[in-house]
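Colleague: I would like to learn how to read a model of this kind, feature by feature. Could we take the general idea each time and then the case at hand?

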Amino acid sequence: MRNLDSVSKSKGITLLTKVRIVKTIVFLVVTYGCKNWTIKKAECQRIAAFQLWYWRKLLRVPRTARRSNQLILKEINPEYSLVGLMLKLKLRYFGHLM
């Protein structure tokens, strides 16, 4: 994560490129092996909080700013959430086993 600080703070890289980098590098590392995990509700909330924390970091929104999560997600416009991706991978794996 610390190696990506220079990318997330760079003003020469567009927001779309930063989002693509996060999806390809960070999300793949987080979802590695998630097919075999038992994901509980508290863990889902922590993963969703991590995702929103990183989107806020990319947008350079300070913690004290009063911006709702819906506004952040509307600005980033992700196709899927990290928890949704993990559930999709689990279902795909289950279908493969069946």
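Colleague: Where does Tyr54 lie, and is Tyr54 buried or exposed?

Modeller: This is a predicted model, and everything that follows is to be read as a description of that prediction. Burial is judged from relative accessible area, and a residue counts as buried when the value is under 20%. Tyr54 lies in helix 3 and has a relative accessible area of 3%, which is why Tyr54 is called buried. Tyr54 and Gly33 are 21 residues apart in sequence, and their C-alpha atoms are 21 Å apart in space.

Colleague: What is the secondary structure around that helix, taken over the chain?

Modeller: The chain has five helices and zero strands, so that, read along the sequence, the pattern is α-α-α-α-α. The C-alpha atoms fill a box of roughly 45 × 25 × 20 Å along the principal axes, and 28% of the 98 residues count as buried. For contacts between residues at least 6 apart in sequence, 67% join residues at least 24 apart.

Colleague: Which residues does Gln51 touch, if I leave out those up to four places away in sequence?

Modeller: A contact list of this sort shows what a residue meets beyond its own stretch of chain. Gln51 is in helix 3 and counts as buried because its relative accessibility is 6%. With residues up to four places away left out, Gln51 touches Phe27, Tyr80, Ser81 and Leu82.

Colleague: What is Ile47 in contact with, once its neighbours within four places in sequence are left aside?

Modeller: Ile47 also lies in helix 3, and its relative accessibility of 15% is why Ile47 counts as buried. Leaving aside those neighbours, Ile47 is in contact with Leu82, Val83 and Met86. The C-alpha atoms of Ile47 and Ser81 are separated by 9.6 Å, although the two residues are 34 apart along the chain.

Colleague: Leu82, Val83 and Met86 bring us to helix 5; which residues of helix 5 are buried, and which are exposed on the other side?

Modeller: The general idea comes from helix geometry: an α-helix has 3.6 residues a turn, so residues three or four places apart point the same way. Helix 5 covers residues 82-97, 16 residues in total, and reaches 23 Å from its first C-alpha to its last, close to the 22 Å expected at 1.5 Å a residue. Its buried residues are Leu82, Val83, Leu85, Met86 and Leu89. Seen down the axis of helix 5, these buried residues fall within an arc of 160°, and so they line one face of the helix. On the other side, Leu91 and Arg92 are exposed. The cover over the buried residues includes helix 2 (15-31) and helix 3 (41-59).

Colleague: Turning to charge, how many salt bridges are counted, and which side chains meet in a salt bridge?

Modeller: The count comes to one salt bridge, in which the side chains of Glu75 and Arg67 meet at 2.0 Å, N to O. Glu75 counts as partly exposed because its relative accessibility is 41%, and Arg67 is placed in that class because its value is 28%.

Colleague: What should I make of Arg56, which is buried yet has no salt bridge?

Modeller: Arg56 is found in helix 3, and the nearest side chain of opposite charge, Glu75, is 9.0 Å away. A polar atom of the Arg56 side chain does, however, lie 2.7 Å from the backbone oxygen of Arg67. Not counting residues up to four places away in sequence, Arg56 touches Val61, Arg67, Ser68, Asn69 and Ile72.

Colleague: Where is Arg20 placed, and is Arg20 buried or exposed?

Modeller: Arg20 is in helix 2 and counts as exposed because its relative accessibility is 52%. The C-alpha atoms of Arg20 and Lys35, 15 residues apart along the chain, are separated by 23 Å.

Colleague: Finally, what is the phi value of Arg60?

Modeller: Backbone angles can be read residue by residue, with the location alongside. Phi of Arg60 is near 60°, a positive value in a residue other than glycine. Arg60 sits in the loop between helix 3 and helix 4 (69-76), and is partly exposed, with a relative accessible area of 44%.

Key:
Residues are numbered from 1 along each chain as its sequence is written. This is a predicted model: local features need pLDDT of at least 70, side-chain atom pairs count only at pLDDT 80 or more; totals for chains, interfaces and linings use all residues. Side-chain values use heavy atoms; hydrogens and water are left out. Helices (H or I, at least four residues) and strands (E, at least two) are DSSP runs, numbered from the N terminus. The expected span of a helix is 1.5 Å times one less than its number of residues. Buried means under 20% relative accessible area, exposed over 50%, partly exposed in between (1.4 Å probe, protein chains only). The arc is that of the directions from the helix axis to the C-beta atoms. Contact means heavy atoms within 4.5 Å. A salt bridge is a side-chain nitrogen of Lys or Arg within 4 Å of a carboxyl oxygen of Asp or Glu. Lys and Arg count as positive and Asp and Glu as negative; His and the chain ends are not counted. A polar contact is a pair of N or O atoms within 3.5 Å; within protein, one must be able to donate a hydrogen and the other to accept it, and residues adjacent in sequence count only if both atoms are side-chain atoms.
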